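Me: I've got a structure here that I'd like to talk through with you. Can we take it one question at a time?

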Number of protein chains: 2
Amino acid sequence: MREIVLATRPQGEPKESDFELREVDAREPGDGEVLVRNVFVSVDPYMRGRMTGIRTYVDGFDVGAAIVGGAVGRVVASRHEGLSEGDWVSSMLGWRDGGIVEGSTLRKLDPRVAPPSTALGALGMPGFTAWIGLEDVGQVKDGETIYVSGAAGAVGSAAVQIAKRKGLRVIGSAGSEEKVEWLRSLGTEAFNYRETPAREALADGIDVYFDNVGGDQLEAALTALRPFGRVIACGSISRYNDEKPQPGPRNMAFIVTKRLRVQGFIVTDHTDRFGDFVRQVGPWVADGTFEARETVIEGLENVPAAFAGLFHGENTGKMLVRVGPDG
Amino acid sequence: MREIVLATRPQGEPKESDFELREVDAREPGDGEVLVRNVFVSVDPYMRGRMTGIRTYVDGFDVGAAIVGGAVGRVVASRHEGLSEGDWVSSMLGWRDGGIVEGSTLRKLDPRVAPPSTALGALGMPGFTAWIGLEDVGQVKDGETIYVSGAAGAVGSAAVQIAKRKGLRVIGSAGSEEKVEWLRSLGTEAFNYRETPAREALADGIDVYFDNVGGDQLEAALTALRPFGRVIACGSISRYNDEKPQPGPRNMAFIVTKRLRVQGFIVTDHTDRFGDFVRQVGPWVADGTFEARETVIEGLENVPAAFAGLFHGENTGKMLVRVGPDG
């Protein structure tokens with residue numbers, strides 16, 4: 001089996017040379033363990049922070065260690081009750097062909113309900129992040145106007161679709177005409193932030209801002225927010241590769257004058273709500289009315305490139321790497 | 001009677017030449033009206049924003065119009081039921097010797113309960129701002145550590161004393177050794193921000209930041225805040241004289257990674273809580289255990305200088321101008 005290890009801490013944009021592919025010996029699963037073969041591995045923007053080695057809400061990655069993260073695969077051999085050969089499971093195996101894991105840490109997936117890969121996107125961490133952000137953090141209400149930056153990404157595209165269903169007027173931004181077209185097909189107003197300044201696009205005002213991007217988009221949103229508006233502070237992908245901290249918004253004063261609430265959150269604090277999320281969003285994904293779009297790259301050796309691509313907007317919807325066949 | 005009008009919109013720091021003293025004719029009060037002679041007029045940092053002429057949560061001041069704001073004085077003649085000659089009242093008469101007002105807009109003060117001037121400070125808008133910020137916005141709890149910037153100001157000195165009584169560990173900053181000594185005498189840990197970087201002084205971490213200052217203090221507080229910390233965003237006096245918007249904190253990313261809540265507020269949204277505030281803080285001021293310190297400048301003609309002095313920290317506690325005798 002092969003795995004990808006962090007060879008060195010990235011400086012600025014992650015490069016392929018920051019990672020190394022390493023062969024590891026397979027072994028048999030012990031008591032309670034399961035041998036899993038990965039089919040899809042996930043690349044996510046939050047992983048960039050872990051590569052700095054600084055502990056935040058989660059430990060940093062160690063140099064020389066395999067990159068752990070979301071993965072979906074199939075059971076090859078199981079010594080854990082309730083899991084047997086051929087089962088689809090989601091794991092935190094990360095950037096590997098597969099491996100041995102404690103069976104209790106696996107979530108069994110039913111491929112008849114939804115494609116297993118959606119456990120890494122619309123029905124996994126990104127979709128859950130969008131749902132928690134809207135539902136519990138932003139407490140969005142029917143009739144409000146929301147702006148979602150990074151709207152064609154994994155979290156963003158879930159956020160716009162959930163917000164739409166909750167009766168909001170939804171404005172989304174993305175970095176290409178193709179993505180903008182897709183967002184429009186989802187019923188949202190959309191603009192290309194490379195062509196239209198957010199300040200112009202949001203001139204009518206907004207009630208809520210779902211921030212995936214930070215930087216200029218956050219500044220524009222603070223200007224556009226109406227009194228008592230909220231910022232659902234989810235991420236700031238425009239900043240993750242900064243080597244030196246960059247200045248924040250020049251219009252922080254609006255937080256006071258407009259009585260804004262800026263609330264950060266991390267989805268792993270809300271795992272007790274995962275069941276509620278799946279009960280609500282699962283049926284929409286299952287019946288196809290919720291579009292769980294994916295950008296799929298082939299081959300474990302291409303995981304670093306796929307990861308780097310996140311910072312250039314190379315994904316529409318969830319970015320995944322297929323590392324093995326379905327069957 | 002005399003009044004001070006806005007002669008021109010200040011550029012940067014307010015100067016005396018931005019204001020003009022004007023004579024106005026007195027008239028007799030009509031039905032329901034009261035003639036009030038001001039004893040104290042209030043200068044407050046928030047007035048700087050109104051001088052820009054931009055409407056935020058409140059209208060801008062017009063050039064050529066008298067500056068309205070908090071004042072405390074005595075009734076000279078009344079045609080409003082419930083008020084009679086000699087009564088102490090608080091009004092929004094602002095920077096004048098006095099004037100005619102609708103009796104229904106006046107609050108009658110009992111000088112036996114607390115000195116009438118406290119209606120502009122500890123028992124008025126600044127004290128109420130501190131209380132609402134801690135109680136409703138920050139929802140501070142016994143045992144937490146709070147950092148208050150501008151701690152020797154009208155709002156700050158109320159905030160540190162209220163927080164102390166609520167069982168918090170209180171750290172305050174101010175700009176002189178004298179103020180720091182005073183803050184220590186109030187039972188708070190205190191430092192001079194001109195000598196000690198806030199980042200150092202807050203190295204042990206804080207749970208809540210009561211922001212009166214913005215800028216560098218906000219940045220230092222975002223670094224010092226523990227996970228799930230809150231910012232009570234009250235004001236940013238370090239920024240009010242900026243002609244060009246200045247960059248915000250370089251560490252906004254902490255809002256997400258530490259799941260911080262930054263909540264702006266304006267005290268006038270909370271007037272339904274004023275009674276609760278007075279019932280709680282009033283007795284402390286009355287029995288002298290709450291120190292309602294004031295810096296009192298003499299003479300209506302010196303109101304602009306007193307106002308400008310706020311931005312140089314010339315006040316300890318509430319800055320007031322005495323424009324007439326008590327009796």
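Me: Let's begin with packing. What share of chain A's 327 residues counts as buried?
Reply: Keep in mind that this is a predicted model. A residue is buried if 20 or more other C-beta atoms lie within 10 Å of its own. For the 327 residues of chain A, the share that counts as buried comes to 52%.

Me: How many helices and strands does chain A have, and what is its radius of gyration?
Reply: The secondary structure of chain A amounts to nine helices and 15 strands. The globule rule gives 20 Å for 327 residues, and chain A comes close to that, so it is as compact as a globular protein of that length. Its C-alpha trace spans about 60 × 45 × 35 Å along the principal axes. The radius of gyration you asked for is 20 Å.

Me: How far apart are the C-alpha centres of the two domains of chain A?
Reply: Domain 1 of chain A takes in 2–121 + 293–322, while domain 2 covers 125–268. Their C-alpha centres lie apart by 28 Å.

Me: And which elements give two or more residues to the side of domain 1 of chain A that touches domain 2?
Reply: Here 17 residues of domain 1 of chain A are in contact with 17 residues of domain 2 of chain A. By class, the domain 1 side has four nonpolar, nine polar and four charged residues. The elements giving two or more residues to that side are α1 (46–51) and β15 (318–322) of chain A.

Me: On to the other chain. Which residue of chain B stands opposite A:V262?
Reply: Chain A has 30 residues in contact with 30 residues of chain B. On the chain A side, α7 (253–257) and β13 (261–264) each supply at least two residues, and the residues of that side divide into 14 nonpolar, ten polar and six charged. β13(A) runs antiparallel to strand β13 (residues 261–264) of chain B, with three bridges joining them. In β13(B), the residue opposite A:V262 is B:V262.

Me: What about A:F228: which strand holds it, and what is its phi?
Reply: A:F228 has its place in strand β12 (residues 225–233) of chain A. A:F228 counts as partly exposed because it has 13 C-beta neighbours inside 10 Å. Although A:F228 is not a glycine, its phi is positive, at about 70°.

Me: Last one: is A:N212 buried or exposed?
Reply: A:N212 is found in the loop between β11 (206–211) and α6 (215–224) of chain A. Not counting residues up to four places away in sequence, A:N212 touches several others, including A:S149, A:G150, A:C234 and A:I237. The cut-off for burial is 20 or more other C-beta atoms within 10 Å, and A:N212 has 26, so it is buried.

Methods. Residues are numbered from 1 along each chain as its sequence is written. Chains are lettered from A and ligands numbered from 1 in the order in which they are written. This is a predicted model: local features need pLDDT of at least 70, side-chain atom pairs count only at pLDDT 80 or more; totals for chains, interfaces and linings use all residues. Helices (H or I, at least four residues) and strands (E, at least two) are DSSP runs, numbered from the N terminus. The radius of gyration is taken over C-alpha atoms; the globule rule is 2.2 Å times the number of residues to the power 0.38. A residue is buried if 20 or more other C-beta atoms lie within 10 Å of its own, exposed if 12 or fewer, and partly exposed in between; C-beta atoms are placed from the backbone. Domain bounds come from an automatic or database domain assignment. Two residues are in contact if their C-beta atoms, placed from the backbone, lie within 7 Å. Ala, Val, Leu, Ile, Met, Phe, Trp, Tyr, Cys and Pro count as nonpolar, Asp, Glu, Lys and Arg as charged, and the others, Gly among them, as polar. Two strands pair if DSSP finds at least two bridges between them.
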